[in-house]
Amino acid sequence: MYDVKAVRRDFPIFDNGLAYLDSANTSQRPRQVTGAMMEYFEKFNSNIHRAAYHIAEEATDRYEATREKIRAFINAASTKEIIYTRGTTEAINLVAYSWGRANVKPGDLIVLTILDHHSNIVPWQILATANGANIEYVDIDDRGELRQDQFRELLEKQPKLVSFSHVSNALGTINPVHEMVAAAKAAGATVLVDGAQGAPHQRVDVRDLGCDFYAFSGHKMLGPTGAGILYGRRELLEAMDPFLAGGDMIKTVRVEGTTYHDLPWKFEAGTQAIAEVIGLGAAVDYLDGLGMDNVLAHEREVTDYAYETLSDIEGLTLFGPPPSRRAGVISFALDGIHPHDLATIADRDQVCLRAGHHCAMPLMTRLGVPATARASFYVYTLKDEVDRLAGSIKEAQRIFK
Amino acid sequence: MSTPPSADDQFYREYILDHYKNPRNYGRLDHPDISHEEDNPLCGDVVGMDFRIKDGVIDDIRFHGRGCAISQASASLLTERLKGIPLDDAKRINKDDVLGELGIEISPARIKCALLPLKVLKVGAYGLAAEDEE
């Protein structure tokens, strides 16, 4: 039995009655994560991979231990395939730069989707402009699900790259990633999955998925900001040039030229976010302790409840698919009340709610709205917090009636 | 009309809501002398203004747009203030005037909403470079 109240006790931020419904934006962190980071700062703060003293060995061990935890978490074949980045955005930029510049040629097609976050659109637009490639976007249907018929048609044009999100951050749509990756691979494309809203919420097996790249952020999965992951298939990573260059990513540097370090360090230049990576390792331990199947089941229960609760409110429009094909995200609009006004009123009730375009302006344009209000849930979310949101909505309707 | 706001309803005072729901000088002018629109990409607020100028005076003004109560009420209030005054006086209107007119505490997250109409006035009517009003 999943004990959400016990989980909440690990998160000091909830001690004062905060209702936090913005975990798709960034999650909260349990004591175990902040404790692991504090332990580093107070007991073995030092740089990694360099110094020959014992605290630096400890720091290096802890930093590298996270890599194995992440490997197991997503079932990658090797820790060589686990690259630390600052987050999903940097991970996608790494691929767009290091893989994209060398492999995408003039006239090549890149297939993206209208559901995607700006971080999975803008790097490809820059690449397309630099290399003379074209971009086409898979549209959504009226329920906010990707039009698979159109996706198949675009695959017939043999795109060089296909990149899409595992789960839409704005609508919560869970895309049929297995089928989409398989179809894109069969069409000969290189495939990146933006897992920023995927990996934190459900079991991910990158080998079963079969994608070439999978990117996600630590701060959306109980970890600190500044540490994220790029998974890449080893053959691809081996063939790629580095993204950032400098210290620690080299074997030998001579004035005539440089040989690069082995994977994964080839892609980790400069002093890394050591405390953050250690914190991310503690976050993975925490999620493993809960069990990702339990995490998913808990979120589904809260999402079903929220969907039902919000559906009953008059003058409220829900966007996106039914709860069965939706992750713990609910986007909605109120008649005559701008999302920002709702968020301000909710804030006075200590309810944290996102209002805006959710870094998905093409999607907002497609939906014909400037912005939506969004509630999103995680391991610690209570149904009571959903009730408090409903209370804030009714209060906003009273004020604005 | 609506229930009196409770004591903590500072942000959404009656007159703010009134200007939001019944905006003054709302719409477009035919053949305006000046027309300008600005948006706030963070939240999707849009405000545009049309001006008719006669002998250096703002003879008529209309605004259009969409967005939150703060941006739209602020636009409505500003047009009331601008209508019939000389351009030179309009030029001197600053952010403190606009915030004073709104008469509510504006959080840092919402200040761009409140000042969007002033940006339309400055950039549009005076051709000043868009400046950060924060």
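Me: Leaving aside its neighbours within four places in sequence, which residues is L222(A) in contact with?

Reply: Contact means heavy atoms within 4.5 Å. In this predicted model, local features need pLDDT of at least 70, side-chain atom pairs count only at pLDDT 80 or more, and totals for chains, interfaces and linings use all residues. Residues are numbered from 1 along each chain as its sequence is written, chains are lettered from A and ligands numbered from 1 in the order in which they are written, and side-chain values use heavy atoms, with hydrogens and water left out. Beyond those sequence neighbours, L222(A) is in contact with F11(A), S27(A), Q28(A), R29(A), P30(A), V33(A), A283(A), Y286(A), L287(A), Y378(A), V379(A) and Y380(A).

Me: Which residues touch the most other members of the largest nonpolar core?

Reply: In soluble globular proteins, nonpolar side chains tend to be buried together. A nonpolar core is a set of buried Ala, Val, Leu, Ile, Met, Phe, Trp, Tyr and Cys residues joined through side-chain atoms within 4.5 Å; buried means under 20% relative accessible area, exposed over 50%, and partly exposed in between (1.4 Å probe, protein chains only). The largest core has 78 residues, and I74(A), F151(A), Y214(A), L222(A), L287(A), V379(A) and Y380(A) touch the most other members. Domain 1 (4–29 + 291–400) and domain 2 (33–289) of chain A both contribute residues, so this core lies between them; the domain bounds come from an automatic or database domain assignment.

Me: What area is buried between chain B and chain A?

Reply: The size of an interface is often given as the accessible area lost when the parts come together. Here the buried area (lost accessible area, 1.4 Å probe, summed over both parts) is about 1,600 Å², of which carbon and sulfur atoms give 49%. In this interface, 24 residues of chain B are in contact with 18 residues of chain A.

Me: How many salt bridges does the rule find across this interface?

Reply: Side chains of opposite charge can pair when their charged atoms come close. A salt bridge is a side-chain nitrogen of Lys or Arg within 4 Å of a carboxyl oxygen of Asp or Glu. The rule finds one across the interface of chain B and chain A: R110(B) meets D341(A) at 3.0 Å, N to O.

Me: In the salt bridge of K185(A) and D212(A), which N to O distance is found?

Reply: Their side chains meet at 2.7 Å, N to O. K185(A) is partly exposed, at 30% relative accessible area, whereas D212(A) is buried, at 0%. Salt bridges that share partners join K185(A), D212(A), R233(A) and E235(A) into one network.

Note on methods
Buried area = accessible area lost by both parts, 1.4 Å probe.
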